[in-house]
Amino acid sequence: MASSRFNAVTLEMLWTRLISIVDEAAAALVRTSFSTVVRESNDFACVLTDARGQSLAQATESIPGFIGTVPRTITHFIKAYPPAQLKPGDVLITNDIWLGTGHLPDITVAKPIFHRGRVAGFAGSVAHAPDIGGKIRSPDARDVYEEGLQIPMMKVLDAGKKNPTIEAFLRQNVRVPDQVMGDLYAQFTALTLMEERVIALLEEQKLDSLDELGRHIHARSEAAMRAAIREVPNGVYRQSAVSDGLDQPIRLEMALTVKDDEIVIDFAGSAAQVMRAINVAMAYTIAFTSFGVKAVLAPRIPNNEGVLRPITIKAPLGSIANSKPPAAGGARALVGHFFPMMVIRALSEVLPERVVATVGSPLWCFNAMGQRHDGSAFANMFFSNGGYGAARGRDGAHVLSWPSNVKSTPVEMIEQLVPIKVHYRRFRVGTGGSGEFRGGNGQETLFESRAPGPITVAFLAERTRPEAAPAGVAGGGAGAPGEVLINGAQVNPKAQHVVQPGGTVLLRTPGGGGFGLPGKRARERAHNDVASGYVDS
Amino acid sequence: MAQYALGIDIGGTFTDIVVYDQKRAVSYSHKELTTPESPHRGVISGIRRLFEAERLEYRDVARMVHATTLFTNALIERKGAPTGLVTTEGFRDILEMRREHKYELYDLFIELPEPLVPRRLRLEVPERIGADGGIEMPLDEETLLERVRELVRHGVQSLAVSLLHAYANPVHERRARALIEREFPKLFVSLSSDVAPQIREYERTSTTVVNAYIKPLAESYLAQLASELARLGIKAPLFMMLSSGGLTHIAEAKRVPVQLLESGPAAGALAGALFGRRSGVGDVLAFDMGGTTAKLAMVEEGEPLIAYQFEASRAKRFAKGSGFPISISTIELIEIGAGGGSISEIDALGLLKVGPRSAGAAPGPACYGRGGKDATVTDANLELGFLDPSTFAGGTMKIDRALAAEAIKPLAAKSALAGAQLAWGIHSVVNENMAAAARVHVAERGRHASEFALLVTGGGGPLHGCEVAKRLGIRRVICPPSAGVASALGLLMAPARVDRVATLARRLGKLDWGAFERAFRELERDARTVIDATLPGKPKVSVERAADLRFVGQGFELVTPLPKGPYTPKSLAAIRQAFVREYRRVFRQVPLVSDIEIINIRVALTAKAGRTELKVHERRSAASGARKGTRKAWLASRGRFVEMPVYDRYALAAGTGIKGPAIVEEASATMIVPPSARAQVDRAGNLIVDLGS
């Protein structure tokens with residue numbers, strides 16, 4: 001009756017099945033992983049691609065930083081290991097920052113799925129390892145060699161057989177070898193699960209490969225994305241943004257060109273790469289930039305190659321948005337998290353009803369090291385977030401993690417873990433940008449050291465310069481920039497500091513931007529803000 | 001004299017009344033429309049009707065068990081009492097900050113749950129307990145009372161008190177309650193150290209606030225229901241079903257009503273476990289598909305899995321993480337946006353989507369003829385011949401096949417398919433959705449769905465079960481008798497149960513073993529008083545100890561069953577071993593970290609409440625043969641309608657086999673047996689479908 005075997009019903013069912021296969025693998029991976037960022041912050045992805053490495057389905061809960069990175073790594077694998085060199089049971093590996101995701105802790109693995117004697121597709125996964133050697137989480141690394149172990153593209157399993165040499169090298173170079181290997185095996189388990197499920201699906205559907213199904217998924221997704229782009233007026237939309245940087249602010253420039261049903265985004269004019277670990281490799285730039293486009297234009301289409309086809313993303317090689325070796329990239333989020341917001345701001349000119357004002361992101365982190373009263377050492381990181389941006393029809397949420405997704409640490413846990421007393425954690429009243437719809441407040445947390453001796457503190461803190469304050473949209477005001485104070489005085493948040501017993505650290509995260517002219521704010525909303533104490537009365 | 005057990009299960013649409021005659025081992029049931037404005041009315045009229053119809057005597061009721069979605073609905077509809085919150089100075093915003101993360105990564109306009117207590121009703125009081133339980137700053141009693149007076153002036157009727165580190169030392173919270181009750185004897189007060197004494201201030205406060213929010217409602221509703229039941233002449237005590245799948249007495253239910261939120265689904269999971277056990281199957285997925293949602297619970301070795309935290313009142317109904325965390329023991333289950341009322345549409349990509357939007361009970365599926373125009377799953381099932389319009393819902397409801405066909409037509413046209421093909425598409429897509437959710441849920445618990453049997457209940461379970469099972473690689477489907485009301489039967493076999501928890505936050509290597517054992521005993525003593533009040537006459541009580549353990553440095557804990565006490569320093573090795581074993585079971589691998597931390601300790605006390613396990617005798621049909629005839633139904637493998645044999649379930653003798661394709665009907669459910677499957681009623685009364693390989 002229907003001409004194609006892929007109609008509205010069969011395609012929907014098979015597509016749902018593919019997504020549930022990657023979601024099932026993701027659940028298995030999260031469950032067996034040691035890495036807390038994998039468990040708590042979804043810092044991983046599971047992906048299925050066709051035989052050419054084009055993505056068909058990506059796990060629903062993986063964070064935006066991985067959109068499209070695994071398929072790109074797989075195409076590099078295919079170049080290095082063409083099908084003739086692959087056998088069932090092979091698993092390929094790399095953490096190269098330019099072939100992978102832009103920093104070394106993310107290990108990408110992929111497994112060819114053989115069916116009827118040929119490669120029918122690939123199962124891929126990337127996960128943030130518990131450790132990768134090198135300096136611990138420091139943005140001061142001068143080059144990638146300081147950041148830890150680099151794993152070149154190679155077969156980590158050869159026809160299912162382990163390679164003791166590779167494993168020995170890996171183990172020798174990381175601080176927690178059992179956990180790192182444990183997580184890697186968890187990734188292998190996820191790959192095998194996807195492989196088994198896909199083969200069962202191909203058998204059931206009497207298909208040779210995933211290619212034909214992939215063509216339909218890509219075609220429908222691409223068509224929907226093109227239709228969404230067509231609704232945006234043609235033009236060039238420019239944006240610039242300033243990040244705190246480390247020693248001096250870093251300028252980011254972007255031109256977003258809409259031509260009919262295609263978008264080209266170019267970061268020409270952005271600062272050059274720096275001798276610190278905040279450089280962004282192209283894969284990460286593409287992931288977060290396309291996330292911005294997708295979040296505004298087509299949030300509901302599942303992530304796959306077709307969605308990305310109408311979008312071209314460029315950045316000059318050697319710039320901070322397209323680093324070249326040996327640039328360090330460990331803290332790439334400090335710059336990369338600006339990109340989706342820049343896209344959103346660019347589109348806000350023509351689609352104000354479909355955007356949010358600037359969010360008080362990236363995430364903040366308080367790092368404290370010292371000794372307890374019993375002499376034992378501690379080194380802990382505590383995360384916090386700024387206010388969310390307002391949108392037409394809604395005020396921004398007070399305090400929300402975006403675009404990453406990191407939970408805060410409970411005060412009761414902090415006080416159990418380390419000799420630090422938290423005096424308050426509360427909304428930073430009046431820091432949301434003004435507007436018809438108000439930006440969300442940031443938060444302020446006051447820590448007091450109760451350690452017997454001096455402790456060392458360091459921070460991840462962004463948008464502390466006035467020019468980096470989260471901007472409003474459509475006439476809305478900016479959120480307040482963040483502040484870091486030690487013993488009541490503002491300090492350089494990018495430097496390490498020593499805090500004496502009884503000394504205090506006050507973190508004040510930025511507020512989100514507002515939406516629309518403040519004069520148009522509805523009286524009940526303004527009244528409620530005052531009654532609730534969200535703004536100063 | 002007869003001895004009845006009476007089960008009352010108030011759902012969103014229907015109130016199920018079930019009576020089980022413990023001597024004759026027969027059961028009677030009745031479905032009454034739920035009366036949301038005053039739910040006890042539906043209960044009383046339902047009981048009356050059933051007792052009159054079956055000529056039962058009220059005085060013969062020996063015990064009553066009640067489950068209700070009333071409190072969950074009050075929460076969803078925000079119909080609880082005006083509630084205030086008192087916190088430690090500096091921390092009133094914790095309730096609104098949540099844990100700062102999103103439940104959906106890609107939605108810019110994410111909707112976060114509005115806190116139950118607005119900021120102006122969250123007030124602070126100077127005081128401070130340290131992490132070790134020591135008093136760092138005494139409670140400022142004057143300020144406390146001023147704050148409470150202010151809240152009362154603002155109309156607050158119920159108050160939650162959640163102070164920092166109250167799990168470690170409840171002295172300030174208890175002093176606060178004493179002071180507040182003296183001045184405001186009518187104000188409801190819930191203490192975090194009472195409701196959920198566990199570390200992590202947001203989750204504990206959230207649980208306490210939800211408790212406070214529904215507490216006045218629980219008080220008035222339960223008092224009224226108990227008195228109305230007594231007026232009927234029922235002398236037996238009323239027990240409440242808890243989310244944990246256990247029973248408790250009314251006073252305990254009123255004290256901490258947040259324990260009742262998931263009582264209805266818990267009964268369903270218990271029923272699934274019981275019917276599985278009766279057929280000798282320990283590992284089942286209990287799959288209950290109703291009008292708007294499907295629920296799935298994992299049963300391992302005959303027992304439903306317990307979770308120690310769940311979510312209530314989600315901002316986005318089926319999105320994990322969008323609700324209020326509730327730190328209370330509960331039967332673990334997922335809710336899927338798939339039911340008879342699920343609406344189908346062709347989306348922007350030209351694909352057929354089914355649910356989670358539902359036509360609900362009003363207007364309902366198009367075939368109800370109540371104004372619904374959207375094609376729903378029930379419309380598709382009718383179009384495919386799977387449902388018989390003359391016997392739908394026991395013949396109480398008229399449905400119209402022509403209206404179903406009419407609703408399906410535009411979707412079929414859009415996708416260039418024939419009406420029946422599209423209807424089969426709706427049936428298949430909703431099956432795929434349910435299978436996808438089940439697959440991920442089971443994988444999150446480290447298992448594969450194919451290792452289970454699927455136990456189907458609810459109106460939709462038997463209709464869709466076999467196709468869902470096939471997609472999950474499951475080969476056996478079990479359909480209990482009276483699948484439509486099976487969940488209410490679950491109430492009657494629940495044990496009395498009390499769960500208690502306390503936070504310790506100590507390293508295992510540095511434990512004071514005397515204090516450790518005393519902490520368990522104190523919890524057990526407290527739990528025992530509740531059991532004794534529930535079941536007088538010194539029942540046999542089983543005690544299980546568990547602890548939330550983690551390797552030092554980890555950010556999450558694993559709830560680990562512990563060996564029996566009493567504990568001494570010699571228990572260290574056994575506890576360590578129990579954790580390592582559990583860790584390996586769950587995560588398949590164990591990190592080489594030497595030190596273990598105990599965050600919380602838990603006890604669960606259970607005691608059998610009923611006299612015997614439930615045995616339900618099959619009603620026999622008067623018909624001479626089981627085969628009633630045939631009807632035209634869609635056979636997907638042929639791509640056309642065929643004359644499908646229809647069997648009367650009541651007339652199937654145990655052991656008689658049926659070959660699919662076939663339809664097996666009983667009053668409350670219709671089972672579709674697919675081609676090449678074999679079905680038979682086993683000696684336990686369950687219909688077992690073997691799907692082959």
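Reader: What makes β1 and β2 of chain A count as a pair of strands?
Author: Three bridges join strand β1 (residues 44–49) of chain A to strand β2 (residues 55–58) of chain A. The cut-off for pairing is at least two bridges, so three bridges are enough, and the two strands run antiparallel. By the way, this is a predicted model.

Reader: Which residue in β2(A) is the bridge partner of L48(A)?
Author: That's A57(A).

Reader: And what do β1(A) and β2(A) form, with how many residues between them?
Author: They form a hairpin with five residues between them. In the turn, G53(A) has a positive phi of about 90°.

Reader: How do you know that β12 of chain A pairs with β13(A)?
Author: Eight bridges join strand β12 (residues 364–371) of chain A to β13(A). Pairing needs at least two, so β12(A) and β13(A) pair, and they run antiparallel. One example is N367(A), whose bridge partner in β13(A) is M381(A).

Reader: Which sheet are these strands in, and in what order do its strands come?
Author: It's an open sheet of four strands in chain A, in the order β13-β12-β16-β19, with antiparallel pairing.

Reader: Why are β13 and β19 of chain A called edge strands?
Author: Each pairs on one side only. Their residue ranges are 377–384 for β13(A) and 497–499 for β19(A). From one strand to the next, the twist averages 25°.

Reader: Over to chain B. Why are α11(B) and α12(B) called roughly perpendicular?
Author: Helix α11 (residues 401–414) of chain B and helix α12 (residues 419–444) of chain B pack at an angle of about 90°. Roughly perpendicular covers 65 to 115 degrees, so α11(B) and α12(B) are roughly perpendicular to each other. Their axes are 9 Å apart.

Reader: Which residues make that contact between α11(B) and α12(B)?
Author: From α11(B) come A405(B), I408(B), K409(B), L411(B) and A412(B), while α12(B) brings G419(B), L422(B) and A423(B). Sorted by class, the contact has six nonpolar, one polar and one charged residues.

Reader: How is chain B divided into domains?
Author: The assignment gives domain 1 (4–73 + 219–260), domain 2 (76–211), domain 3 (263–329 + 453–487), domain 4 (342–428), domain 5 (496–607) and domain 6 (627–690). The C-alpha centres of domain 1 and domain 2 of chain B lie 33 Å apart. Their contact takes five residues from domain 1 of chain B and six residues from domain 2 of chain B.

Reader: Which domains does chain A have?
Author: Chain A has domain 1 (8–222) and domain 2 (356–537) in its assignment. Their C-alpha centres lie 35 Å apart.

Reader: How do you know that domain 1 of chain A is in contact with domain 2 of chain A?
Author: Residues are in contact if their C-beta atoms lie within 7 Å. Five residues of domain 1 of chain A are in contact with five residues of domain 2 of chain A, so the two domains do touch.

Reader: How many residues does the contact take from chain A and from chain B?
Author: It takes 60 residues from chain A and 57 residues from chain B. On the chain A side, the largest share comes from α1(A), with 14 residues. By class, that side has 27 nonpolar, 17 polar and 16 charged residues.

Note on methods: Residues are numbered from 1 along each chain as its sequence is written. Chains are lettered from A and ligands numbered from 1 in the order in which they are written. This is a predicted model: local features need pLDDT of at least 70, side-chain atom pairs count only at pLDDT 80 or more; totals for chains, interfaces and linings use all residues. Axes are lines fitted to C-alpha atoms, for helices over the stretch in contact, and angles run from 0 to 180 degrees between N-to-C directions. Angles under 35 degrees count as roughly parallel, over 145 as roughly antiparallel, 65 to 115 as roughly perpendicular and the rest as oblique. Ala, Val, Leu, Ile, Met, Phe, Trp, Tyr, Cys and Pro count as nonpolar, Asp, Glu, Lys and Arg as charged, and the others, Gly among them, as polar. Domain bounds come from an automatic or database domain assignment.
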